[in-house]
Amino acid sequence: MIREIVYFLRHGPSVSRRQASMGRVEFQQWLAAEADKDGLAELRSALVDALRGDILEVGAGSGAMFAYYGEGVSVTAIEPDDEFRAGAEEAARAADVMIDVVPGAGESLPCPDASIDAVVASTVLCSVRSVQQTLAEFKRVLRPGGELRLLEHVRSESWLAGPLMDFFNPVWLHVNKVGCNWNRRTVEAVREAGFRVASVRKYKLWSPASPAPCPGRLIKAVR
Ligand SMILES: C[S@@+](CC[C@H](N)C(=O)[O-])C[C@H]1O[C@@H](n2cnc3c(N)ncnc32)[C@H](O)[C@@H]1O
């Protein structure tokens, strides 16, 4: 935990200065590109590995996931923020697969019941207003046997770091300015929502651009 705190203090201030000097979309694209170089790219590939059919990506941001989809998919990408969605529309035009970018939020998805083969979300459940409502929506739109693929940072399981993350979450919310909570128990929430968790891969991303090295989980679950 000391290592994580030192890393945050070392890299956080320069990232904050960069965030203040850049536009929101430009900053998010820079952050995604840097994190991809530092190991996120491999996790993004694993997130959508072997998916086929109708895919719903929720919280697409400016489209950082779009380059990772393989053949045989038709993607609907939902993003509530107008500026990020404009970036996603541009990324969709450059993508190799069919991607339709639409407005919407995880808590109220603009999709019929049981119409989707896989729901994908990358670092989104940390920011949604209601994790429970969002997961209920994922379940509603997935076909029986459909897959939920999540790449999320989560609350630490450590007896010390976990409570510290709870205590300092309001400070973190103030610092990150994008509504990101670092203390969500996402794996537990997926189980509580009634999904069968097929696998959980643990990771920790050490990227100066993303200076809070929280525990991460690549979650594959089935409706
Ligand atoms: C950290 S960014 C991740 C963007 C992208 N998925 C990626 O991997 O780079 C979080 C995204 O979640 C979106 N978001 C926030 N609240 C949301 C909600 N309730 N429903 C859907 N997306 C949401 C934000 O607008 C933002 O684009």
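**Ligand site, sheet and an aromatic pair**

A polar side-chain atom of R44 lies 2.8 Å from an oxygen atom of the ligand, a polar contact being a pair of N or O atoms within 3.5 Å (within protein, one must be able to donate a hydrogen and the other to accept it, and residues adjacent in sequence count only if both atoms are side-chain atoms). The model is predicted, with local features requiring pLDDT of at least 70 and side-chain atom pairs pLDDT 80 or more, whereas totals for chains, interfaces and linings use all residues. Residues are numbered from 1 along each chain as its sequence is written, and side-chain values use heavy atoms, with hydrogens and water left out.

E79 places a polar side-chain atom 2.6 Å from a ligand oxygen atom, and for S122 the corresponding distance is 2.6 Å. On its own the ligand has 590 Å² of accessible area, of which the protein covers 85% (Shrake-Rupley method, 1.4 Å probe). The ligand is surrounded by 19 residues, the closest being R44, G59, E79, G106 and S122; a residue counts as near if one of its heavy atoms lies within 4 Å. This shell consists of 8 nonpolar, 7 polar and 4 charged residues, where Asp, Glu, Lys and Arg count as charged, Ala, Val, Leu, Ile, Met, Phe, Trp, Tyr, Cys and Pro as nonpolar, and the others, Gly among them, as polar.

An open sheet of mixed pairing is formed by 7 strands in the order β3-β2-β1-β4-β5-β7-β6. Strands are DSSP runs (E, at least two residues) and helices likewise (H or I, at least four), numbered from the N terminus; two strands pair if DSSP finds at least two bridges between them. At the edges, β3 (98-102) and β6 (196-204) each pair on one side only. Strands pair through backbone hydrogen bonds, either parallel or antiparallel.

Strand β1 (residues 53-58) runs parallel to β2 (residues 73-78), with 6 bridges joining them; D54 has S74 in β2 as its bridge partner. β1 is also parallel to β4 (residues 116-122), through 3 bridges, and L56 stands opposite V119 in β4. β6 and β7 (residues 215-222) are antiparallel over 8 bridges, with R217 in β7 as the bridge partner of K202.

The structure contains 5 aromatic pairs. The ring centres of F8 and W172 are 6.0 Å apart and the planes stand at 70°, so this pair is edge-to-face. Rings of Phe, Tyr and Trp (its six-membered ring) pair if their centres lie within 6.5 Å, and planes under 30 degrees apart count as stacked, over 60 as edge-to-face and the rest as tilted. F8 belongs to helix α1 (residues 2-21) and W172 to helix α5 (residues 161-176), so that the pair links distant parts of the chain, 164 residues apart.
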